[in-house]
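Subject: Structure handover

Hello,

Here is the structure for your files. My notes on it follow below.

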Amino acid sequence: MGRRGRPRGFDRDVTLRRAMVTFWERGYEGTSMSDLTAAMGIASPSIYACFGSKEQLFREAVELYGATEGDKVWRALDEAPTAREAVRQMLRSNADSFADPATPPGCMIVLAAAGTTKNDDVRAFLAERRRNMHEAIHARLRRGVADGDLSADADTNAMAALYTTVLQGLSLQARDGAPHDTLEAIIDGAMAAWDGLT
């Protein structure tokens, strides 16, 4: 049976990546449909036909961000030999990404929420993604306790909250123009606090 309708005249993956970068630069509320059509190179009817709505497009862009930009973070948490090294590598890999001149500065998940006051669903969606990061760090710290490289007395929830906050702060610093060496100095300070927390 033949396909119905005209074939799509654009590469969906390429246009989704362009949308991701636009949302990353401007946030959800700060990105207009005009911004998206200009960045993606397709008309708004094609965006709606392919992605459903601005919100659905945004959700797909966030998923793409997690699968591409976030992948090295998850690898650091999974593969580092100790909890301390996992947290250090996670922060460093983020600092490298946040300061990469090839992409917008900072973290899309943190920064896309700025100004998102009109759409409760988007705000909740982004908050859930940020909680997932806290949970991933917390799980790695609990694994460190189980492995014996982190004291059983350590308050792993408080530590996860601290290092999640440092991670989010690095994103804001990068967006404000902090250079990579400043981000590294922040990480050094945060890791110096490790022994006092354990």
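**Met 108 and its contacts**

Setting aside residues up to four places away in sequence, Met 108 touches Met 20, Phe 23, Trp 24, Phe 58, Ala 61, Val 62 and Tyr 65. Contact here means heavy atoms within 4.5 Å. Met 108 sits in helix H7. Helices are DSSP runs of H or I with at least four residues, strands are runs of E with at least two, and both are numbered from the N terminus. Met 108 counts as buried because its relative accessibility is 0%. The cut-offs are under 20% relative accessible area for buried, over 50% for exposed, and partly exposed in between (1.4 Å probe, protein chains only). One of the residues it touches is Met 20. Met 108 and Met 20 are 88 residues apart in sequence, yet 8.5 Å apart in space, C-alpha to C-alpha.

**Ground rules**

This is a predicted model: local features need pLDDT of at least 70, side-chain atom pairs count only at pLDDT 80 or more, and totals for chains, interfaces and linings use all residues. Residues are numbered from 1 along each chain as its sequence is written, and side-chain values use heavy atoms, with hydrogens and water left out.

**The chain overall**

The protein chain has 11 helices and 0 strands. Its C-alpha trace spans about 60 × 40 × 30 Å along the principal axes. Of its 198 residues, 43% are buried. Take the contacts with a separation of 6 or more: residues 24 or more positions apart account for 68% of them.

**Nonpolar core**

The largest nonpolar core holds 58 residues. Such a core is a set of buried Ala, Val, Leu, Ile, Met, Phe, Trp, Tyr and Cys residues joined through side-chain atoms within 4.5 Å. Which members touch the most others? They are Phe 58, Met 90, Leu 91 and Met 108. Beyond four places in sequence, Met 90 touches Val 73, Ala 76, Leu 77, Met 133, Ile 137 and Leu 167.

**Largest pocket**

The largest pocket has about 360 Å³ of space. On a 1 Å grid over the protein atoms alone, a pocket is an open set of points with protein on both sides within 12 Å along at least five of seven lines, while a cavity is a set where a 1.4 Å probe fits but cannot get out; lining residues have an atom within 4 Å of a point. Grid points are joined across faces, edges and corners, and the volume is the space filled by probe spheres set on the points.

The lining of this pocket has 21 residues, and the closest to its centre are Tyr 65, Trp 74, Ile 109, Arg 129 and Met 133. Helices H4 (54-68), H5 (71-79), H6 (83-98), H7 (108-111), H8 (120-147) and H9 (156-175) each give two or more residues to the lining. H4 gives the most, with 5 residues. By type, the lining has 11 nonpolar, 6 polar and 4 charged residues. Ala, Val, Leu, Ile, Met, Phe, Trp, Tyr, Cys and Pro count as nonpolar; Asp, Glu, Lys and Arg as charged; the others, Gly among them, as polar.

**Two polar contacts**

Glu 55 is in helix H4. It counts as buried because its relative accessibility is 18%. Its side chain makes a polar contact with that of Asn 119 at 3.2 Å. A polar contact is a pair of N or O atoms within 3.5 Å; within protein, one must be able to donate a hydrogen and the other to accept it, and residues adjacent in sequence count only if both atoms are side-chain atoms. Not counting residues up to four places away, Glu 55 touches Tyr 28, Asn 119, Asp 121 and Val 122.

Arg 92 lies in helix H6. A polar contact of 2.5 Å joins its side chain to that of Glu 184.

**Two loop residues**

Cys 107 sits in the loop between H6 and H7. It is buried, with a relative accessible area of 11%. Outside its four-place neighbourhood in sequence, Cys 107 touches Trp 24, Tyr 65, Phe 98 and Ser 171.

Ile 42 is in the loop between helix H2 (33-40) and helix H3 (44-51). Its relative accessibility is 10%, so Ile 42 counts as buried.

Best regards
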